[in-house]
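Please look over the structure below. The report that follows takes its sheets and helices in turn.

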Amino acid sequence: MSTSHRHRTRRRLAATAVSVLAAVSLAACGSGGSSGSSGTSAAGGTQDGKPVPGGRLKIAFWSDFQSCIDPNQVYWIESRSIDRNVADSLTDQDPKTGKIVPWLATSWTVSPDATSYTFNLRKDVTFSDGTKFDATAVKTAYDGLHDLGAKSTLGLTYLAGYKSTTVVDPYTVKVDFATPNAAFLQASSTTTTAILSPATYKETPEARCAGKIIGSGEFTLDSYSAGKSVKLTKRAGYAWPSSLIANKGAAYLDGIDVSYIAEDNVRVGSLTNGTIDIAWPRQPITSADQQVIKASGATIQTRALPGIIGLLIPNVTAGRPLADLQVRKALYKALDLTSYAKTVYWDGYPVAKSSVTSTTPYAVDQSAKLVYDPAGAGKLLDAAGWALGSDGYRHKDGKKLTLSYLTNAAGPGDQLVQDQLKKVGIDYQIKVVTAAQLTPTGNAGDWDLSGGYLTRADPSVLGSSLDQAVSKQYTAKYSQDPATAAKISALFAKGLSTADPTQRAAAYKDLQDALIDNGVAFPLYDRLQTAGVSGKVHGFAWTSESFLRANDIWLSK
Amino acid sequence: MPRYLAGRVAQALLVLWAAYTVTFIILNVLPSDPITLQLSAGGADVSQLTPAQLHDLKAHYGLDDPIVVQYFHHLWRALHFDFGMSLTQNVSVGSLITDKLPSTIALTAVAIGVVLVLGLGIAFLATYVQWRPARVLLARLPAVGVSLPQFFVGLLLIQVFSFSLTWLPATGTHGWRSLVLPAITLGLPPSAMLAQLLTRSLNDTWREPYITTARAKGLSRWTIQVRHALRNASLPALTLLGVLVGYTVVNAVVVETVFSRNGIGQLAQQAVLGQDVPVVQAIVLIAAALFVVVNLLVDLLYSLLDPRVARAGRAA
């Protein structure tokens, strides 16, 4: 190493040290809150100049756990974000209002009992293999999705009660359900019901998962190597975006390169040094990392994910502590949701207010029922016979008040709950099992609380975890005694049985009330999707389900 | 020598068969049902299936045969390098392995290079240099190397060389530049172990009577170190090196996670957590094969370096 070189290196190290210090002091001055706007926000938006075509967007996710890219089969959020830009759906959903708007379908009618949907289709759409999009293609796709059965976790509930799809004429298609499914109109806007080319449905489900999919989106899938990389190329001649998109033609980007970086600080570092343009984690970016990202000139984009909020779900089997409604009521009072949001995330992070997140249509603020009141919790537990012992925990008939929490990935939030519950004398045990063992252990029922969340911009999504009438999941099975389950299932059915928004709103308000009044679900934390977006990325936008929408994105040189 | 070789190869095959069989037994004795796992990996639940659907799925994965039939069926296919379909990843195990093995092999090969250079270098200097403080410092160095956690070293290297100096990439598997940092991270602890052992063994050798003879003949320190001491002291180090090669493959998982390299280590971790039986089995077999081959090579080198070994083998 020559002397001058060594000097240069030293200067560079010094410069780095200064910038790190600057970031730290910024963090100290900053409010620690999240920046960026919600909804169809743009990082600077298209307002700050005329879009320049060209360039490849490099985006890094944290993991590709499901190892599948077929939009009809994936539930994994990151894969759905990619799929949104490869495959189109019949309708789209406005992220600001939750309203369903035209996309591949120009208009539609829904029967009042929500059992029959008729869609009129666009006539100018083709799949990337050249096949024409028409009513037969829709039928092939919906039948194909239905045939996937349990292989499509989300499809199972999105098409609940599916009877048939009928080709009325080449550009009109009718979807019939045996039982009312009022949530289907929203389902028709999701990646899960994306319409793929008829050729796709001749492939096996495994081959589709591994990348044999053809859509009509503004990008085509070039290659997919599970957990390693995804490459998308712009589709020339694309001209059928939904009305929510500013760019009516082909994408500005030449393509998108996806990689997976598991370590948070490597992902953040790669964004700040320009190796990637978007860092997209699952857990919200920590406030410290946000300061580092902002100091580098990048922005933080934030949107609350719609769907089931981060929940604790009880096991009310007779003989277990949570079988007693009074103990469950005490649990609501013992959980300090405000300090959970502040401690685990940051000051200003939204506090959980209901069983669904704030961006879910028909969400109702339930915070009056979720007030932190440790003294009240103590009183309820005393009345229920759980007396405080000398060890700081409560006992009844010689048994300690122990609640075991089943999870496959314990985080700081779980320890915080442990600490909060200890204050009222509850012994909260965190039981960690491997991913493979989670479902068998859950089915065995030897636990008191388990967790759950799921993304979908419709409150009916709660049914997949909590409605015994449709879900066989252990969370549904153990969280309600037969009498409560009858009440809850009736409310779920009511929400699905009418297409009228006012009646649906009333049904889902009653449902959200009932879930808390009966101690069926314990809201714990709201779910935010955050992304660190480089300053050279313009036109960044979220879909209503908080996925990436790349139509309007362009890169400044 | 041919007879010695044939014996060793037969022994190696036996080890491979035993490794395969033991894994098969362990994985099939575990209290979980592959179908439940397959479905829960997809987020679904076995209780949602009708008995007919369940039967079809079991037939699809060949899980409805008696366990002994399954064992011979799988063994026969494994002999043809066919490990079946992954239960969680929708592709054949063979294509998963061929997709991920090259990057891990490249990483391990470079890491072994790092181990040889660092391990030999430090031990050589620690026993050759005569200035006492330097000797002490060099002799203490391996203890530091062994006690540094790999993920910490990896993140530190990324912070300095990727994010601050921007000399080398922090992630990816493209080109030799992306191999440098992970290989150093992976090679550091084993090279420290090698250096520690070799230093000790060189020090012992320097006290042997034949070294005194060599000195009395007027040979230089350099000649004695290179020609006499190193050759004799390298035997135990060679044995350790054989073990360390296996160790680097096993430890690749941490390095692959930190440097976002999608290799065999990460695959092994996913497969174990997801109880993806066919993948686990293939990886165990690969790891066992690697161990067996490297140790065979070490044993053969042994007999070259020390003719007494081969002679003893023949006498027995």
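## A three-strand sheet in chain A

In what order do the strands of the three-strand open sheet of chain A lie, and is the pairing parallel or antiparallel? The order is 14-15-16, and the pairing is antiparallel. This is a predicted model.

Strand 14 (387–388) and strand 16 (399–400) of chain A are the edge strands. Each has a single partner strand, so one side of each has no neighbour in the sheet. Strand 15 (residues 394–396) and strand 16 of chain A run antiparallel and are joined by two bridges. Within strand 16 of chain A, K399(A) is the residue opposite K396(A).

## The seven-strand sheet of chain A

Chain A also holds an open sheet of seven strands. Their order is 8-9-10-1-11-21-12, and the pairing is mixed. Which strands stand at the edges? They are strand 8 (219–225) and strand 12 (299–304) of chain A. Each pairs with a single strand, so one side of each is left without a neighbour in the sheet. On average, neighbouring strands of this sheet are turned by 20° against each other, direction ignored.

## Pairing within that sheet

Strand 8 and strand 9 (residues 229–234) of chain A are antiparallel, with six bridges between them. S229(A), in strand 9, is the bridge partner of S225(A). Strand 9 of chain A also runs antiparallel to strand 10 of chain A, and five bridges join the two. Here V230(A) has V258(A) of strand 10 as its bridge partner.

Strand 10 (residues 255–260) and strand 1 of chain A pair in the parallel sense, over six bridges. V258(A) turns up again: in strand 10 of chain A, V258(A) stands opposite I59(A). Strands of a sheet pair through backbone hydrogen bonds, in either the parallel or the antiparallel sense.

## Confidence in chain A

Chain A has a mean pLDDT of 89. In this chain, 91% of the residues reach 70 or more. Residues 1–46 of chain A stay under 50 in pLDDT. For that stretch the model has 61 contacts beyond four places in sequence.

## Chain B: helices without strands

Chain B has 13 helices and zero strands. Of its 316 residues, 37% count as buried. Among contacts in chain B with a separation of 6 or more, 74% join residues 24 or more positions apart.

An unreviewed UniProt entry annotates residues 101–302 of chain B as "domain: ABC transmembrane type-1". Over those residues the chain is 85% helix and 0% strand. The end C-alpha atoms of the stretch are 29 Å apart.

## Helix 12 of chain B

The buried residues of helix 12 of chain B include the run V277(B), P278(B), V279(B), V280(B), Q281(B), A282(B), I283(B) and V284(B). Also buried are A288(B), F291(B) and V292(B).

How values were computed: Residues are numbered from 1 along each chain as its sequence is written. Chains are lettered from A and ligands numbered from 1 in the order in which they are written. This is a predicted model: local features need pLDDT of at least 70, side-chain atom pairs count only at pLDDT 80 or more; totals for chains, interfaces and linings use all residues. A residue is buried if 20 or more other C-beta atoms lie within 10 Å of its own, exposed if 12 or fewer, and partly exposed in between; C-beta atoms are placed from the backbone. Helices (H or I, at least four residues) and strands (E, at least two) are DSSP runs, numbered from the N terminus. UniProt positions are given in the numbering used here, feature names are shortened, and annotations may be inferred rather than shown by experiment. Two strands pair if DSSP finds at least two bridges between them. Axes are lines fitted to C-alpha atoms, for helices over the stretch in contact, and angles run from 0 to 180 degrees between N-to-C directions. pLDDT is the predictor's confidence in each residue, from 0 to 100. Two residues are in contact if their C-beta atoms, placed from the backbone, lie within 7 Å.
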